Amino acid sequence: MKNFISLTDLPNFDAALELAKSLKEDPYAFENHAKRKTLGLIFFNPSLRTRLSTQKAAQNLGFETLVMNFSNEAWALEFEDGTEMRGIRSEHVREAAAVISQYCDVVAIRAFASLNNKEQDEAEIVLNSFANYASIPVINMESATGHPLQALADALTLAEHKTLHKPKVVLSWAPHPKALPHAVGNSFVKMMEHQDAEFVITNPEGYDLDPRITKDIPVIHNQEEALKNADFVYAKNWCSYSNYGSILRTDDEWMLTADKMKLTNNAKFMHCLPVRRNIVVADGVLDNSNSLVIEQANNRTYAAQAVLKTIIDHV
Ligand code: CP
């Protein structure tokens, strides 16, 4: 695996999941594996879980880590080729990626969608430019269209909590005051391709995810109908994909509440965090013992550790 840009880069999804499980049982099993190697973590956007869990994962393997916020600490980067750099962008990604490659053995990058230009977001210019111009492996810590580290952690959480051979898993859109990207939803859908589950997506009209990603997965526009007999409910907001970047509704009708969870088969509740209480999900759901959100965040470490180990084993 040269890079980890998407789940499909994993040589074997099930093997990566098994590795994450075993690393959770024994986090220091490979504590010298990356001795004298350096992981660079570059953030164009904020983070709590991804930043800390990826650093912890790296340290468990013996990596040193270097962290930089490109949003306010680095020179503003130019990504276009052949441009006269007269504006505020002082450094081209060609040099930046080459320089970082000398200081680090692996680089992990977070760069969200702009949500105002679908074509540019889907081109994944930041991730792909680093992948093109860096001479070291590149890891996606959430890009414009995907959050595969989150999805691998979610697979671990599902595996740990599933009691039925074929559970019903519902990915439910939920309200949010800001326009949010599709990355988490997209990667969760891709991860579910590896699960033996009855999987449905529920979202209001106008909020269907990219049909090239959801393919033939049922999309139900009635949330209460979709929640019936669910074993897992994964809540997430995303902005409109068809009316790209737009917020089409601001009411709280789709908030996950304790009453709605009563429609389910005593479902476990999942969310990637951060979550806005009593907007996305009611306190009573988050604070219920069926909520897995803190365990999901814990599993981010072992998912990242599995990816890092797989990367360095293949360099
Ligand atoms: N779930 C997740 O990626 O959290 P952060 O944005 O805090 O990293």
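This is a predicted model: local features need pLDDT of at least 70, side-chain atom pairs count only at pLDDT 80 or more; totals for chains, interfaces and linings use all residues.
We may begin with the ligand and its neighbours. Ten residues make up its surroundings, namely Ser47, Leu48, Arg49, Thr50, Arg110, His147, Gln150, Cys272, Leu273 and Arg300. By residue class, this shell contains three nonpolar, four polar and three charged members.

On the side of the ligand's oxygen atoms, one of them is 2.9 Å from a polar side-chain atom of arginine 49. Nitrogen atoms of the ligand take part as well: glutamine 150 places an N or O atom of its side chain 2.9 Å from a ligand nitrogen, while leucine 273 contributes through its backbone, with an N or O atom 2.8 Å from a nitrogen atom of the ligand. Taken on its own, the ligand has 260 Å² of accessible area, and the protein covers 93% of this.

The bond joining leucine 273 to proline 274 is cis, with omega at about 0°. Proline 274 belongs to the loop that runs between strand S11 (268–270) and helix H11 (283–286). Arginine 36 sits in the loop between H1 and strand S1 (38–43).

Turning to charged pairs, the whole structure holds 16 salt bridges. One of these links the side chains of glutamate 295 and lysine 24, with an N to O distance of 2.4 Å. Because glutamate 295 lies in helix H12 (residues 293–314) and lysine 24 in helix H1 (residues 13–25), the pair ties together parts that are 271 residues apart in sequence. In general, side chains of opposite charge can pair when their charged atoms come close.

Key:
Residues are numbered from 1 along each chain as its sequence is written. Side-chain values use heavy atoms; hydrogens and water are left out. A residue is near a molecule or strand if one of its heavy atoms lies within 4 Å of it. A polar contact is a pair of N or O atoms within 3.5 Å; within protein, one must be able to donate a hydrogen and the other to accept it, and residues adjacent in sequence count only if both atoms are side-chain atoms. Accessible areas come from the Shrake-Rupley method with a 1.4 Å probe; for residues, only the protein chains shown count as cover. Ala, Val, Leu, Ile, Met, Phe, Trp, Tyr, Cys and Pro count as nonpolar, Asp, Glu, Lys and Arg as charged, and the others, Gly among them, as polar. A salt bridge is a side-chain nitrogen of Lys or Arg within 4 Å of a carboxyl oxygen of Asp or Glu. Helices (H or I, at least four residues) and strands (E, at least two) are DSSP runs, numbered from the N terminus.
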